[in-house]
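Q: I am new to this structure. Please take one part and look at it closely. What should I see there?

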Amino acid sequence: MSNAPVQSILVYPALCFRVLLGANMGDPVSFLAELTLDDVYELTPGSERVRLAIHAVSEGVFTISRSTGVGTPGARLHLDCTLLLMTPDGETTDALVLVEVDDAGHIDDIYLLPLAPLVPRMEYTLVGAGREEVSSKFAQIACVSFTRGTQITMATGRQIPIEQISPGDRVLTRDGGAQEVRWIGQTTVRALGEFAPIVVTKGTLNNENDLVVSPDHRLFIYQRTDRIGAGRADLLVPARHLVNDESIYVRTGGYVDYYQILFDRHHIIYAEGIAAESTLVNPRTRPALPSELVERLQTLLPRNDDRADHGLDVQKSLLDRPDAIELLRRASTR
């Protein structure tokens with residue numbers, strides 16, 4: 001089994017999303033060659049997304065992890081295509097089709113990964129499908145980002161908004177002191193579904209102001225005492241695992257400006273006074289980077305994934321307790 005980090009996504013089994021009207025009436029969503037534009041789909045009432053745990057083995061190559069909630073552990077997962085779906089009111093939604101294949105290359109199962117919430121009984125017309133953007137869109141979900149206005153601690157100790165940082169500036173890192181920024185990326189997306197940011201309100205984790213990050217952005221927490229039973233002091237906790245709809249919540253609606261900060265290596269930096277990771281380049285996230293950047297920095301970027309041992313990746317099951325956030329806050333208090 002791969003030693004790559006396990007990543008989890010929430011998907012619908014294909015049977016949950018069927019053609020209501022059109023050439024493929026009654027059929028579930030399928031791979032690109034079997035799709036027909038203008039078919040109208042509907043999400044079956046009562047459908048729930050299931051957790052698909054994957055390993056990014058190499059760029060474009062994924063396998064299903066033993067810890068998955070659906071699929072066959074060890075099976076290959078193929079990124080098949082992107083879908084553009086339109087509702088009767090003209091709103092559009094992107095979704096990805098993922099295909100599980102066996103050792104012989106035969107299809108075992110198909111999954112739908114919507115990038116915005118789907119509503120049961122809503123009609124979704126397929127108005128576009130293709131393979132050109134499937135890798136980059138899948139990568140964008142996992143590419144950790146800060147939002148406009150996030151105060152980053154520089155090497156001098158001064159805090160400045162991330163949008164004012166430029167390549168060559170030096171940022172304070174927890175694990176490597178002052179480090180030079182190699183690249184700053186920026187994207188603007190609709191704040192829905194997988195792209196809706198997580199808000200960690202002021203003081204919740206000893207942060208000086210609200211910290212707003214992408215859902216899979218991992219926060220570094222050093223426990224002076226192991227209050228949650230992780231068996232380790234230094235933890236990396238995805239923001240989405242901490243949502244309690246009170247002190248930490250999903251901010252949905254409108255658009256969000258996301259910024260990625262890249263160093264020669266993966267580092268822990270300080271944002272709004274608390275520790276959080278910088279952009280990690282690995283087989284899952286690499287397609288989100290501009291191709292010219294990858295070519296220009298190809299001698300450096302492979303080292304970015306060869307990260308130092310920053311901490312234990314905390315699974316959501318360890319945080320499924322009402323006092324988890326307070327325990328983490330108290331455990332890390334100076």
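A: Start at L20, which sits in strand 2 (residues 17–21); strands are DSSP E runs of at least two residues, and helices H or I runs of at least four, numbered from the N terminus. This is a predicted model, so local features need pLDDT of at least 70 and side-chain atom pairs 80 or more, while totals for chains, interfaces and linings use all residues. Residues are numbered from 1 along each chain, and side-chain values use heavy atoms, without hydrogens or water.

L20 is partly exposed, at 37% relative accessible area (buried is under 20%, exposed over 50%, partly exposed in between, with a 1.4 Å probe and protein chains only). L20, L21 and M25 form a nonpolar surface patch with about 290 Å² of accessible area together (Shrake-Rupley, 1.4 Å probe; members have over 30% relative accessible area, no salt bridge, and nonpolar side chains within 5 Å).

Now turn to the largest pocket. Its volume is about 1100 Å³. Of its 40 lining residues, S8, D216, P238, R240 and H241 are closest to the centre. A pocket is an open set of points on a 1 Å grid where a 1.4 Å probe fits, with protein on both sides within 12 Å along at least five of seven lines; lining residues have an atom within 4 Å of a point. Volume is the space filled by probe spheres on the points.

Strand 1 (6–13) and helix 1 (134–142) each supply at least two lining residues. Strand 1 gives the largest share, six residues. The lining divides into 21 nonpolar, nine polar and ten charged residues.

D216 and R240 meet in a salt bridge, at 2.8 Å from N to O (a Lys or Arg side-chain nitrogen within 4 Å of an Asp or Glu carboxyl oxygen). The pair links distant parts of the chain, 24 residues apart: D216 is in the loop between strand 17 (211–213) and strand 18 (218–222), and R240 in the loop between strand 19 and strand 20. D216 is partly exposed at 21%. R240 is partly exposed too, at 26%.

R240 also bridges to E194, at 3.0 Å. Those two are 46 residues apart, with E194 in the loop between strand 15 and strand 16. E194 is buried, at 7%. A salt-bridge network links R49, E194, D216 and R240.

Note on methods
Ala, Val, Leu, Ile, Met, Phe, Trp, Tyr, Cys and Pro count as nonpolar, Asp, Glu, Lys and Arg as charged, and the others, Gly among them, as polar. Patches are made of residues with over 30% relative accessible area and no salt bridge: like charges are joined within 9 Å, nonpolar side chains (Val, Leu, Ile, Met, Phe, Trp, Tyr) within 5 Å.
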